[in-house]
Amino acid sequence: MKDLLNKYESKEPEIVFHWNDPETEAEGWTVINSLRGGAAGGGTRMRSGLDMNEVLSLAKTMEVKFTVSGPAIGGAKSGINFDPSDPRKKGVLERWYKAVSPLLKAYYGTGGDLNVDEIHEVIPITEESGVWHPQEGVFNGHFSPTEADKINRIGQLRQGVIKVLENEHYSPDVSRKYTVADMITGYGVAEAVRHYYDIYGGNVEGKRAVVQGFGNVGAAASYYLAQMGAKVVGIIDRNGGIINKDGFSFEEIKQLFLQKNGNTLIAEKMMPFDEINDKIWKLETEIFAPCAASRLVTKEQISEMIASGLEVISCGANVPFADKEIFFGPIMEFTDERVSLIPDFISNCGMARVFAYFMERKVQMTDEAIFNDTSITIKNAIQNTFDNNSTKTNISKTAFEIALKQLL
């Protein structure tokens with residue numbers, strides 16, 4: 001696996017597009033690792049301090065993810081080094097998408113990512129730049145559809161991603177109009193835990209869970225884990241967090257979801273960040289869902305959790321461990337050898353899978369059909385890993401081996 005990984009990591013990306021904003025200090029990159037299958041896909045993120053290496057590592061991660069989610073295309077990513085809270089953000093995104101629109105028309109598909117919203121920013125701004133849909137390049141490069149077929153499938157994709165959830169099983173509050181895009185990634189993170197216990201033995205009900213990050217992914221993962229009967233005992237967010245050793249009830253988690261402010265946890269009796277960061281890793285817990293930014297989780301934190309009975313990690317963040325390596329750094333390897341580690345490209349593939357699902361010819365547009373498709377995709381990937389290695393350790397190593405053999 002290490003040899004395959006080294007070969008894959010060291011391979012130069014096929015295309016690197018570099019942009020400097022003429023009106024601000026913003027700088028952006030689109031990295032296309034390969035045009036496997038004639039196209040590449042990956043979202044657009046924005047944060048201060050982002051660099052080309054971060055974008056490259058995420059592009060390679062996307063390519064691995066597509067081996068699970070489909071379609072069989074190359075990995076890509078866009079990243080803009082700019083403060084997302086800056087009032088000039090909209091202008092930066094408008095100029096960025098205008099510059100990158102030829103790629104989006106031809107062979108690159110994008111979506112939302114960290115600090116860039118799929119529905120309110122990516123779709124309307126790319127449309128202004130003459131792109132039919134942010135995934136148009138994947139249609140043109142990979143599917144080569146007829147004009148009529150392209151119109152039909154793009155219509156399906158447009159409607160599907162912004163579809164308002166009507167089924168109370170999937171939505172915390174149907175009157176609030178949560179969409180597929182709001183909930184699907186966190187749903188996949190929780191489903192990965194459920195399928196893990198079903199396949200490797202055990203039951204999610206009654207298991208204690210710690211969630212890191214309370215944005216779209218972490219909040220939804222907490223909601224669905226609690227719905228399954230897991231006991232969320234701790235949530236840590238960038239501004240602080242909360243602990244309840246007996247587990248928050250499903251109703252309490254639902255309320256936390258409904259009262260979050262954007263991507264920020266709002267709760268009574270919030271502990272300051274330093275205090276929760278000192279306590280949460282020592283909690284007795286079986287499930288850990290890292291759903292915050294990339295490269296945050298340290299070896300010390302993992303060691304404390306293992307000592308407290310940790311069984312399984314379902315990654316909501318891409319590359320959650322504080323390794324400098326693109327994929328399998330020493331912290332991730334240390335973790336994979338000691339507990340069941342479901343890698344990000346399986347557990348957080350929900351949004352990528354939704355795109356792939358809606359790109360197919362005529363599919364069912366019900367909440368159940370969309371969410372079940374993601375659940376089955378994740379289940380099949382975990383089952384495939386189990387079929388190659390039935391032990392509860394080295395799950396990520398095995399999953400990478402399966403993926404890399406398809407890519408190299």
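Predicted model: local features only at pLDDT ≥ 70, side-chain atom pairs only at ≥ 80, totals over all residues.
Zoom out and you get an open sheet of seven strands with mixed pairing, in the order 10-9-8-7-11-12-13. Strand 10 (271-272) and strand 13 (340-342) sit at the edges, each with pairing on one side only.

## Strand 8 and its partners

Strand 8 covers residues 231-237, and six of its seven residues are buried, so the rest of the structure largely encloses it. On one side, strand 8 pairs with strand 9 in the antiparallel sense through five bridges. Here Val232 faces Phe248 of strand 9, and a hairpin of two residues takes the chain from strand 8 to strand 9.

Strand 8 also pairs with strand 7 (residues 208-212), this time in parallel, again over five bridges. Look for Gln212 there: its bridge partner in strand 8 is Ile236.

## A buried serine in a loop

Now for a loop residue: Ser171 is found between helix 6 (147-161) and helix 7 (180-200). Is Ser171 buried or exposed? Its relative accessibility is 3%, so Ser171 counts as buried, the cut-off being under 20%.

As for what Ser171 touches, skip the neighbours within four places in sequence and you are left with contacts to Leu165, Tyr178 and Tyr223.

Technical notes
Residues numbered from 1 in each chain as written. Heavy atoms only, no water. Pairing = 2+ DSSP bridges. Helix = DSSP H or I, 4+ residues; strand = E, 2+ residues; numbered from the N terminus. Buried < 20%, exposed > 50% of the residue type's maximum accessible area, 1.4 Å probe, protein only. Contact = heavy atoms within 4.5 Å.
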